[in-house]
Every structure is written in C-alpha cells, then in structure tokens.
Amino acid sequence: MIVTRNWLNEFIDLKEISDKKLCEAFNAIGLELASVKKLNIPHKIVVGEIVSCEKHPDADKLNVCSVNVGLGKRQIVCGAANVVNAKYVAVATIGAVMPNGLEIKPAKLRGVESDGMICSADELGLPGIGSGIMMLDDSIGELELGRELCEFSALNDTVFELEITPNRGDCLSVYGVARDLSAYFGKDLLDVKEENNSKKLKLGISREATLNVHGEIDASVEIKLATQNSNNKLPLLHMIRLSAAELLGQNNLKNSLEYIMHTTGVMFWSFDANYFKNDEEKIIIDLEKTKDGLNCIKNSSGKLSILGVKQDEESIANDNTEQVVLVAQYISPNILNDIVSDKKLEKDTMFYNTSRGSNPNLDFGISYAVNMLSKYEILDFYDGALNHKVNSEDKTILIDCFELNSIIGQDIDKSTVSNIMNRLGFKVSSNIENVMGITLPQFRPDVSNIQDIAEEILRIIGIDTIIAKPLKFKENVHKDSKISEYRLKKQIRNRAISAGFYETISYVFSDASLQEKYNFENLREEFKLLNPIVAELNTLRSTLLINMLLSAKKNSNYSKKMIPLFEIGSTFDRNRDESEKIAFVWSGQKEGESVINHGKPQNMDMGLFLQKIGSVIGNFELQPCSYQNSMLHPYQSANIIIDNKVCGFVSKLHPDVQEDFDLSDTFVAELDMSALNQKHILANEISKFQSSIKDLSILIDKDINFDSIKKVIEEMKCEKLHSFYPVDLYFDESLGTQKSLTIRFVIQTLEKTLDDSEIEDIMGKILDTLVQKAGAKLR
C-alpha cells in the first residue's frame with residue numbers, strides 16, 4: 001500500500017508532523033513501513049509557457065520552442081512529440097543540476113541554439129507518467145511563470161510504502177490510513193469539500209435506467225449514470241500520485257477510478273451503458289444470485305459480472321465510451337471468501353481488496369467520485385442513483401474496563417479508550433460504570449472480542465508506554481467441553497499408570513490388510529488415502545488394537561515378559577467419521593518377578609484384567625459379547641456396559657491372533673471415550689441405621705447367566721434392598737445340568753433398623769421370585 005504525505009493531507013492535517021514522526025507512527029500502529037522516498041525537485045526548474053513551437057529546420061523529430069519563463073523568453077529545442085500540444089511546462093534553466101547529476105548549459109542542437117531544457121516527470125525525479133514532457137496544470141497549485149517547482153508542495157512530496165497485513169483491508173486506502181493516523185495523533189479527520197455540481201447534473205437516472213433485484217443478494221451496490229467527455233484528462237497531480245502508487249495505466253477513465261478507489265477504499269466498476277441496453281434502448285440492470293451462491297450483475301443477454309470477483313471484460317467502459325454506468329459495490333469479505341473458497345474462479349485485481357474488506361460506505365465513495373469527475377469534467381452525471389443495500393446490523397460487544405486493563409497490563413482511562421475507538425470508526429456507548437458498549441463497524445471484520453479491542457488500544461497508545469511489571473498469572477474457571485475432556489483424559493491417564501499400564505502413542509494410520517484380516521472396518525473406496533506416508537500405514541485406523549499389538553510384539557522381541565499398554569486416540573469408520581476411544585492390552589505375566597512369587601509370576605487372567613480396567617474407568621458391567629472381529633476369544637469375551645449402554649468389549653486374545661503376533665496370554669479391551677464423560681451425580685441420602693447382610697445360595701440351569709438373575713431381582717423393585725452381587729459360583733458333576741450361585745444381599749432402610757422377621761420376609765420374597773421366574777432351587 002503506497003500513500004504520500006500530501007495525499008494523506010486531504011483527510012488529516014499533517015503539516016506540523018515531520019516525516020520522521022510519520023515513519024515512527026506507521027510502525028507503531030502496525031502499518032509496517034517498507035520504504036520511504038522524498039521527492040525533491042532541484043532549484044532552477046521553473047514554470048514556463050510555450051509561446052510558439054516550430055519544426056527544427058534540420059531535424060524532423062525536433063521542435064524549436066519559444067518559452068516564456070517569467071523574466072523573458074528562451075529558445076529551447078525539444079524532442080518530445082507532445083510538446084506541440086503543451087502550454088505550461090517545467091523548464092530547467094541554465095545552471096540547473098538535474099537529479100541524475102546533469103548540469104544544464106547553453107547548447108546548439110543541429111545548428112540551433114537551445115537555452116535550457118523542457119523536462120519530463122522522470123527527468124525531475126518524479127514518478128513517470130508516460131513518454132514525453134510533463135504538462136503542468138493548476139492541480140499542483142497556481143501556475144506563476146518563472147516560479148521554481150521546488151516551491152510547489154504538491155509536487156515535492158514524500159512517498160511511503162506500507163506493508164498491510166491481510167486482516168487490515170480497511171487500510172488499503174488513503175482514507176483508511178488517515179483514519180488510523182487520526183487516532184494515533186489525536187487529530188480529527190477533515191471534512192471532504194463537496195463541489196456544487198447541480199448545474200452539471202443531467203436528467204434523473206430513472207428515466208434512462210432500471211435496477212431489478214432478484215432474490216436475496218449479499219452485496220450492496222450504488223449505481224450512477226454519466227456521459228463521458230473524452231477530451232478531458234486526469235490532472236497532473238493525480239497522475240503523479242497514481243504512478244507513485246504503481247496504478248497508472250493508459251486508460252483515462254480507468255485511471256480516474258483507480259485514483260478514487262485508492263483514495264476512498266470504495267470499489268468501483270465502470271460499464272459501457274450499451275452493455276445493459278435492451279431493444280428499446282432502455283438500460284436494464286439485473287442483480288441476482290447464481291446457483292453457486294455468487295452475487296452477480298447481469299445484462300439482458302445473460303452475461304454477468306461476479307460482484308467482488310471479476311467484471312465481464314466485454315462490459316468495461318473505455319475512453320471512447322459515450323455513456324458510462326458507474327457501480328460502487330461492497331460485499332463482506334467473510335461472505336465472499338466462503339463463497340469463492342471452493343470455486344476455481346478467474347479474479348481481477350479488485351479481489352485483492354474485496355477479499356480483505358473494502359470500504360462499505362458507498363455514499364462516501366459515490367460522493368467523492370461525483371465531485372472529482374465533475375470538477376475535472378471527465379464525466380457528466382445524471383441526477384439520482386440506483387441502489388440495493390444489504391440490511392446488516394452492526395454487532396455490539398460489552399467491554400468490562402477492568403478486564404480490558406488487565407489484558408493491556410495498565411490502567412487506561414475510560415475516556416481515552418472511548419476517544420481512540422471513536423477515531424478508529426467504532427461507536428462507543430457508556431451507560432454503565434466501568435462497562436462500555438462498542439459497536440463494530442463493517443469495515444473491521446477482524447475485530448470481534450475484548451482481546452481485539454485491547455490490541456487496538458495498545459497499538460495506538462504504543463507498547464513502549466506500558467510500564468514493565470512482573471508477570472501475574474490468574475487462571476479463570478474453565479467450564480467448556482474441551483477443558484472437561486482434557487481433565488477426564490488426565491484423570492484416566494493417572495489411574496491407568498497407577499494400575500500398572502504404560503501409555504503408548506501411535507499414528508492414526510494403520511495397515512488396511514491387517515484391519516481386513518481381523519474383520520475391522522476399512523475406509524470406503526472414495527475415502528481411501530491417496531498418498532500414504534509408508535506402504536504399511538495406508539489407511540486410517542478403525543481400531544487402536546492393531547497398532548498396540550504391534551507395539552506389544554516389539555516389546556516381546558526385546559524379551560519383555562510383562563507388557564501392559566493403554567492408548568487414547570482417534571479412530572475412523574468407513575465414512576471417515578471420527579470417534580475417540582481408549583484401549584488396553586496386557587500381555588504375559590500379571591506382575592513382575594519377585595521373592596514373593598519365587599521369580600515365577602503367573603500370567604494375566606481375565607479376573608485381574610477386569611479389576612485393572614475397573615480401577616481406570618470405574619464401575620461397569622459385562623454382558624455376552626455382540627462384537628464381530630477375529631481378535632475375540634470364543635469363550636472369554638464380553639460387552640462392556642456403562643449406564644446400561646454397550647460402549648466396548650473386553651476379551652482374551654484369540655489363540656490364532658496370539659500366534660500371529662507371537663505373544664503369550666494376552667487380554668485386550670477397547671471402548672468409546674464418550675461413555676466415560678464425567679456426569680453430574682446427584683447425591684443419595686445415606687441411612688444412619690445398621691444394614692443387614694444375607695447370603696442366598698441357589699441352584700440354576702448352567703445356561704442361565706447372572707445378568708438374567710439380576711434383571712429378575714431388579715424387577716421386584718424392593719425399596720429395602722440396598723444392593724446385591726454374586727460372591728460364589730460352583731460347578732460339580734453331582735449338580736448335573738445345574739450350577740450353584742451364591743448372591744450377597746445388603747438390606748437397609750432410611751427409617752429404622754430392620755428386625756429379623758422383616759429381613760426373613762424380604763429374603764423369602766426374593767427366593768420365591770427366583771423360583772417362579774428363573775427356575776431356581778434353594779441349595
């Protein structure tokens with residue numbers, strides 16, 4: 001982004017501020033200064049008027065000019081083709097030293113004496129404005145013959161090149177940069193002077209043009225209609241500034257719009273009015289949204305230009321266009337980028353601004369354009385405008401002054417904060433003590449919370465003004481889901497390590513052939529990995545167990561006899577939907593070698609493995625296994641039940657799989673992390689009366705499991721039965737097709753201590769129910 005001191009002066013008074021101070025200000029407010037260049041025209045370069053211009057007698061490409069330089073006329077030979085059309089020019093008089101070191105001396109060119117040089121912009125060290133000499137006009141100030149050009153402040157300017165970060169689209173204009181400087185220096189922005197153009201305005205635009213809006217359009221537009229005076233060109237000062245900003249082209253109308261856009265930040269398109277005319281010569285402009293969600297301007301032939309992205313090249317007005325449709329536009333960068341992100345669209349240079357955030361104040365841009373183009377008689381405008389405006393409410397956030405100051409690290413007066421934010425274009429209201437309501441303007445989509453407001457304040461007051469203090473940490477109470485997940489994982493990790501497990505971490509990728517071999521899901525064809533990191537990790541894992549068993553195998557190869565592992569990680573189903581799981585693997589010995597076990601510890605068994613898992617995840621129940629994969633043991637596997645929901649499985653590893661991985665007795669479990677989410681537990685009243693414990697031994701069919709017995713007892717809904725659980729299971733040939741089950745009952749009430757008869761009555765009812773519904777017999 002390139003600006004000049006005098007260009008900025010149109011919006012903010014910088015006369016008393018040095019270039020050095022300006023450079024410091026740019027860096028302080030985050031508009032990093034990339035380069036600075038001072039334009040100084042040498043002495044003895046004066047304003048001259050060409051009185052006559054004749055062909056050189058001995059050179060076809062040279063002209064002999066009589067130039068009035070105030071103190072008299074000078075004869076100067078000039079080779080520039082455009083000198084024949086020039087009136088006021090820059091004349092380097094005898095003794096002038098040019099920026100390249102050339103000293104002007106009397107000369108004779110092809111036999112004709114030349115007393116000086118008529119200069120181009122480049123020769124004076126100014127930005128180039130094309131071939132030929134520089135023709136002066138009153139845009140640089142009042143032209144007085146013989147006056148040195150070094151006295152014209154408009155030409156002797158300072159050019160600043162700024163590095164604008166992508167989130168600061170509001171500073172991609174001279175006006176936007178001036179707005180930031182007004183906050184930094186505490187100066188009000190100047191009102192833009194409006195010319196009275198009422199005499200120049202033609203008839204109303206509605207007589208010639210119609211705007212039709214189809215559906216909900218996300219963009220705002222304001223349209224002006226004008227006729228072009230092709231003989232009138234952009235003034236010298238504007239061309240020099242455009243050249244300094246690297247925006248100067250060959251098209252006068254395009255140059256004019258580039259100047260307006262660079263100045264105001266409002267984006268413009270110029271259309272040839274014939275592009276929109278129907279058979280009746282009426283200008284019909286259609287605004288509509290395509291099926292892809294693109295906001296477009298369309299003509300009657302169906303050709304369209306995508307707002308904020310690209311204008312149809314056939315529609316662009318040029319210097320020969322007689323009737324021009326001028327369109328100012330704004331679309332929120334958030335909306336625009338969301339629409340365009342997944343589409344391969346050709347974009348023009350305007351997209352750089354619109355995708356970062358242009359100026360939404362279309363009235364300001366139109367007013368500036370009408371004033372400038374009418375003043376220099378480039379366009380004659382019709383009265384009125386056609387427009388469509390998006391109804392969007394500005395967001396207001398409440399700012400706690402104490403919190404704001406704690407973020408900044410220093411107490412900033414509330415009035416100072418209010419003044420800064422107002423100058424930056426925010427609206428501030430303060431009806432509550434130490435609380436401010438700050439309304440966020442459309443041109444600042446990068447600001448959304450108190451931290452962003454603190455950053456705005458800090459960059460304006462300057463980080464160097466903050467007094468250094470020792471760091472003070474204060475952690476707020478975190479109650480969001482991510483914090484809860486983090487705390488849960490931390491607790492589970494601590495418990496698992498306490499239970500003797502070691503955490504393993506593996507890739508989210510796995511071997512598709514192994515997953516298929518052991519009957520785990522693989523990704524659907526359209527979701528497969530295109531470029532796996534290695535051949536063995538060619539799919540997203542659907543289970544944690546395969547990678548963990550590979551780790552167990554490596555440990556076994558290193559002669560480890562006890563391999564207890566756990567892992568928490570993501571798995572993916574065939575549709576690439578992600579879920580988080582926890583898995584356990586215990587292979588080999590159940591404990592380390594010691595004197596107690598005489599150096600010969602036994603291998604892990606299912607009972608102890610279940611105790612280990614319970615110490616990590618808490619209470620759970622088991623039911624017959626419903627999972628289908630080849631790792632499950634046919635007789636030692638079960639579903640894990642938490643809160644009456646199946647959330648995983650536990651199993652001894654199938655003997656064939658143990659052999660595949662060359663492991664001894666191995667037990668595995670895998671369950672969903674979501675089942676372990678901490679829940680709010682309602683406290684139950686605890687009885688102060690003594691409980692009674694009774695054991696009941698019954699004979700039941702071998703095929704009946706405890707879960708069936710449990711359901712029968714729970715269906716009784718006995719309020720005095722506090723809890724019950726199995727304590728013994730006995731098989732013997734003498735029992736035939738039956739087995740012996742001993743259940744321990746805890747009987748207790750909140751009202752009193754139960755006597756023996758009441759306890760016996762409860763136990764009797766339980767036995768009768770088991771006899772009737774489960775075919776049980778008292779042993």
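1. Gly48 sits opposite Val89 of β6. That contact belongs to the antiparallel pairing of strand β3 (residues 45-56) with strand β6 (residues 88-92), which has five bridges. Here, strands are DSSP runs (E, at least two residues), numbered from the N terminus, and two strands pair if DSSP finds at least two bridges between them. A note on the source: this is a predicted model, in which local features need pLDDT of at least 70 and side-chain atom pairs count only at pLDDT 80 or more, while totals for chains, interfaces and linings use all residues. Residues are numbered from 1 along each chain as its sequence is written, and side-chain values use heavy atoms, without hydrogens and water.

2. Both strands belong to an open sheet of five strands, ordered β5-β4-β3-β6-β9 with antiparallel pairing. At its edges stand β5 (73-78) and β9 (117-118); each has a single partner strand, so one side of each lacks a neighbour in the sheet.

3. Strand β11 (residues 202-204) runs parallel to β19 and is joined to it by two bridges; Gly204 has Asp383 of β19 as its bridge partner. Strand β13 (residues 219-228) is antiparallel to β19, with three bridges, and there Gln228 is partnered by Leu379 of β19.

4. Lastly, Glu161 lies in strand β10 (residues 158-163).

Technical notes: Helices (H or I, at least four residues) and strands (E, at least two) are DSSP runs, numbered from the N terminus.
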